[in-house]
Amino acid sequence: MKNNLPNFLIVGAAKSGTSSLHNYLNQHPNIFMPTYKKGVKVKEPRFFIKDVLEAERVPNMVTSINQYKSLFDDASKEACIGEASVLYLYYYKTAIKNIKKHLGDNVKIIIMLRNPVFRAFSAYNHVARTSQENLSFQEALIKDELQRFRSEPTLTPLIMYKQMGMYYKMVKSYIDNFKDVHVIIYDDFINDTQRVVKDTIDFLGLDNTLDINTSLKYNVGGKRWRSIYLKNLFMQDVFWKKPVRFIFPFFIRKFFIGAIRLIFMKKNQYLEENIKNDLIEFFIDDIKKLENLLGVRLESWKK
């Protein structure tokens, strides 16, 4: 009987290009990664951290091994089967324990790392488009992130803007626990996407000469609501939403949502220089340790 469980994982980091990499790798005929299962989005099953995350905090989390196995039922002759759950990096202790339990020690690990300053700002802009974040970026950074997360039982883990950028211990733990770990620096991914994708396919032991279309970008941000009032009006689960879902078909609702975003959203603000400098100071020691661990220079992250 064929074992259809993953032999590679993209474990993070969040807001570091993992959605794009997932879609590029999925173009390869010898790679299978689940995207939808019975119409439900399952690109990030998060199964290996189900012990530390409540289902209310993340959509479509897979909580049973049988459900997890079923995500890969459609895999047939592909040599490489994988999935991408970016919170596996932050919750590395639980994830590593459960990955070893269910997949063994030989699973290949892919980690994508973005400048933690810009990763934090990107995560903030992502969450600020929803009803879960009404603070300014500066206000959110002042908060005790862990205390804020614990005190609000439905809040997304992505609000830990600074803590998720402390990469050193996370990356070191994966390197210490798995023999095949491939680390991608986001800057390289953006500047030479084709080469990075080919290198990643080569890491998986597959033919990297096949043509992969890397022109499309996925999960791209860049927009914010013009006011908190408008955001709450359209994003919260208010009384008028259920009748709209019942009356109008999906394609009309999708058109309507697109029109709302065009009218009521605008470009994100630029990251203010003083906030950027404060964040560099916060991350600098961790960046230096990461440089030594990986044997790379991350000069652009330090200025």
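For the packing entries I take an axis to be a line fitted to C-alpha atoms, for helices over the stretch in contact, with angles running from 0 to 180 degrees between N-to-C directions. Helices (H or I, at least four residues) and strands (E, at least two) are DSSP runs numbered from the N terminus.

The model is predicted: local features need pLDDT of at least 70, side-chain atom pairs count only at pLDDT 80 or more, and totals for chains, interfaces and linings use all residues. Residues are numbered from 1 along each chain as its sequence is written, and side-chain values use heavy atoms, with hydrogens and water left out.

Entry: helix 4 and helix 8.
I looked up helix 4 (residues 92–103) against helix 8 and found the axes 10 Å apart, at an angle of about 20 degrees. That makes helix 4 roughly parallel to helix 8 (angles under 35 degrees count as roughly parallel, over 145 as roughly antiparallel, 65 to 115 as roughly perpendicular and the rest as oblique). Their crossing is right-handed; the near helix is then turned clockwise from the far one by less than a right angle, and anticlockwise if left-handed. In contact (heavy atoms within 4.5 Å) are Tyr92, Ala95, Ile96, Ile99 and Lys100 of helix 4 with Lys169, Met170, Ser173, Tyr174 and Asn177 of helix 8. I sorted these residues into six nonpolar, two polar and two charged (Ala, Val, Leu, Ile, Met, Phe, Trp, Tyr, Cys and Pro are nonpolar, Asp, Glu, Lys and Arg charged, and the others, Gly among them, polar).

Entry: helix 8 and helix 14.
The axes of helix 8 (residues 167–177) and helix 14 (residues 273–294) come within 8 Å and cross at roughly 25 degrees. The two are therefore roughly parallel, and the crossing is left-handed. Helix 8 contributes Tyr167, Tyr168, Val171, Lys172 and Ile175, and helix 14 contributes Asp286, Lys289, Leu290, Leu293 and Leu294. I noted seven nonpolar, no polar and three charged residues in this contact.

Entry: helix 5 and helix 14.
For helix 5 (residues 116–128) and helix 14, the axes come within 9 Å and cross at roughly 125 degrees. This pair is therefore oblique. Pro116, Val117 and Phe118 of helix 5 meet Lys276, Leu279, Ile280, Phe283 and Ile287 of helix 14.

Entry: the whole chain.
I counted 14 helices and nine strands. Of the 303 residues, 48% are buried (under 20% relative accessible area, 1.4 Å probe, protein chains only).

Technical notes:
Buried means under 20% relative accessible area, exposed over 50%, partly exposed in between (1.4 Å probe, protein chains only).
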